[in-house]
Amino acid sequence: PSVPRHTNRLINEKSPYLLQHAHNPVDWYPWGQEAFDKAKRENKVIFLSVGYSTCHWCHVMEEESFKSKEIGEIMNKHFVCIKVDREERPDVDKVYMTFVQATSGGGGWPMSVWLTPDLKPFAGGTYFPPEDGFHRVGFRTVLLRIAEQWKENKDALLESSQRILEALRHTSEIHVRGQESPPPSKEVMDTCFQQLSKSYDEDYGGFSHSPKFPTPVNLNFLFTYWALHRTTPEGARALQMALHTLKMMAHGGIHDHIGQGFHRYSTDQHWHVPHFEKMLYDQGQLAVVYSRAFQISGDEFFASVARDILLYVSRDLSDQAGGFYSAEDADSYPTTTSREKREGAFCVWTAEELRALLPDPVEGATEGTTLGDVFMHHYGVEETGNVDPMKDPHQELKGKNVLIARCSPELTAAQFRLEPGRLDTLLQECRHRLSTARAQRPRPHLDTKMLSAWNGLMISGFAQAGAALAEQGYVHRAAQAAAFLRTHLFDPASGRLLRSCYRGKDNLVEQSAVPIQGFLEDYVFVIQALFDLYEASLEQGWLEWALHLQHMQDKLFWDPKGFAYFSSEAGDPSLLLRLKNDQDGAEPAANSVAVINLLRAACYSGHMDWVEKAGHILAAFSERLQKIPISLPEMARATAIFHQTLKQVVICGDPQGEDTKEMLRCIHSVFSPNKVLMLADGDSTGFLYHQLPFLASLERKDGKATAYLCSNFTCSLPVTSAQELRGMLSP
């Protein structure tokens, strides 16, 4: 690479996204006081650009506009330009995305917003092409118009920005109105189920026509709905909707059949042509959902998909110190000599390539059959490529194939007169060869930023899969990642979480000069992960840390007037709004997960004020939960668990004893959404006995490991057989 012609302040940052823009001719500043002071001193508009390092359209806008010397000159002359990595600063992103969505009816990244010197937004959008076209105004034109407006009509713009801010403040408030109580769970659950059922795609699964997103929150809701309505037609339909969706996703092109893991979303109805980036938060949540599908159905297919996800994360998204990286990009160079990156280049194949890699004749099959014939038939490969041109506007995938399992193993085996068991071995050999060939291609960019929140989701993935699949190696990997968080993303002096750390020189973990403090989502997902890890490992230290973090979360984020938690803490003058996210999307809203965390925390500590707090959150979101629960399926699920009351499943026994292990295997094999598990090992000096004195009264019966089912610390008769215990766990 040639020596860069430009270098700006972003060169001193740690974020991979900001570093990508460090050699633009734009005089970028990171979000901070230096930029704000310059805007006030020079009386300039701030241009705020928000994105993330694996965002396809962010790359496009950089190539077209931010690398342009001419556009850079306009930006530097008229504006103070600020770059923000939305994954580092979700608080800044959310404030201005709320504005863009309210004023333009849409949103997305890159986000482009123009602010007054005191940070109030007055104009915004997402991606802009560099020049004017038939359907949209170009970025250069927008910049010049806004610069002109600021010069000619500054007072009007300032007045408008103040009005906009007041309106946003009013519309984004979420609080308890009057004497509201938590909404009734039956009504919320039934409405949410009906709304999901209406939007469900009967043929291909999922909950929209296209694009199609994995949305694990919907699938977790359906599993809980089934668990509480097992004997009803609605319960059966909920389960069928979830399992069918998971099967279609696993067969589709959204699932990487060669390199494992899942891409971000499908651009079509059939889960076929994905947007190819891979995000850590998807892998973590999908590992949980596929593990639950296995618990419920006993179908080994779902367990194999969960293992596939965890293999991908262990191999490609894991730091040697134990943390997990954020994402892999969609775009990469097709060959080592290519000058231009293309979306999906790392993952797609021509028919010719496949024939060359898989030329071997298949013994015992129809005469003349090669490995290539079998593989191409099974995975829907076509000579001219299998991507619909409508789904490929830039013709990056022309002539290429995105693998999708088009046939069942039985049909493919019958087509070539093979035994189904033999087919499995052949396809495995083909996938192995393709994996080796793909390893020679230039890899997509890896975002090596490590975020507390997303690491929390991934720890839950490993811990829950480890428990459900009886794989201790996964539990050990979850514990390794939790230890990483404690070392690198927790400040023991203040007792607070940090948002992010980074892979630095010599692959060592680095921190920013001024570390970013954790947000609500960091606390919520890490606390959830620590509870999951305790249940999988029964190491009480994780429980102790989870309860400490819950107290800290209450202190930093709780809204004592309107109830529920704010997404960010008070005291940052650069944040115009303190918001509460009201949508379960690609990740669940933090308040949704906080409800179940609070209920679990109360069960492990005896602090019943946490149950009251959970009720206050549900009351604050009551109107939305009753009208459009489909926007909050994770909170709808939490409503049912709140009203059902969590069952405390206590096992009295020696952790190393075979009888105790059998009891634990039984518990982990059953999907029971409203239980918490704890082990009373007889050590009365332990943390759990100190928190819950009632444990001291529980004993082993006849010297055997014994289970008690408790509710509000009152326990049922003891049970010593795993079979009896299984019956008790079903709602």
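I started with the radius of gyration, which is taken over C-alpha atoms, with a globule rule of 2.2 Å times the number of residues to the power 0.38. For 731 residues a compact globule would have a radius near 27 Å, and the protein agrees, because its own value is 27 Å.

**Ground rules.** This is a predicted model, where local features need pLDDT of at least 70, side-chain atom pairs count only at pLDDT 80 or more, and totals for chains, interfaces and linings use all residues. Numbering runs from 1 along each chain as its sequence is written, and side-chain values use heavy atoms, with hydrogens and water left out.

**Whole protein.** I looked up the box around the C-alpha atoms: roughly 85 × 75 × 50 Å along the principal axes. I found 27 helices and 21 strands. Helices (H or I, at least four residues) and strands (E, at least two) are DSSP runs, numbered from the N terminus. Buried residues make up 60% of the 731. Buried means under 20% relative accessible area, exposed over 50%, and partly exposed in between (1.4 Å probe, protein chains only).

I then checked contacts, meaning heavy atoms within 4.5 Å. Of those with a separation of 6 or more, 69% come from residues 24 or more positions apart.

**Domains.** I noted domain 1 (10-172), domain 2 (340-443) and domain 3 (648-729). These bounds come from an automatic or database domain assignment. The centres of domain 1 and domain 3, over C-alpha atoms, are 56 Å apart.

**Helix 2.** I turned to residues 33-42 and found Ala-35, Phe-36, Lys-38 and Ala-39 buried. Seen down the axis of helix 2, the buried residues fall within an arc of 160 degrees, so they line one face. The arc is that of the directions from the helix axis to the C-beta atoms. Lys-40 and Arg-41 are exposed on the other side of helix 2. The buried residues pack against strand 1 (28-30), strand 2 and strand 3. Asn-43 follows helix 2, with a positive phi near 55 degrees.

**Helix 5.** I went on to residues 90-104. Helix 5 has 15 residues and reaches 20 Å from first C-alpha to last, close to the 21 Å expected at 1.5 Å a residue. That expected span is 1.5 Å times one less than the number of residues. Its buried residues include Pro-90, Val-95, Tyr-96 and Phe-99. I listed some packing partners of the buried residues, among them strand 2 (45-51), strand 3 (79-85), helix 7 (154-171) and helix 19 (520-537). Gly-105 follows helix 5, and its phi is positive, near 80 degrees.
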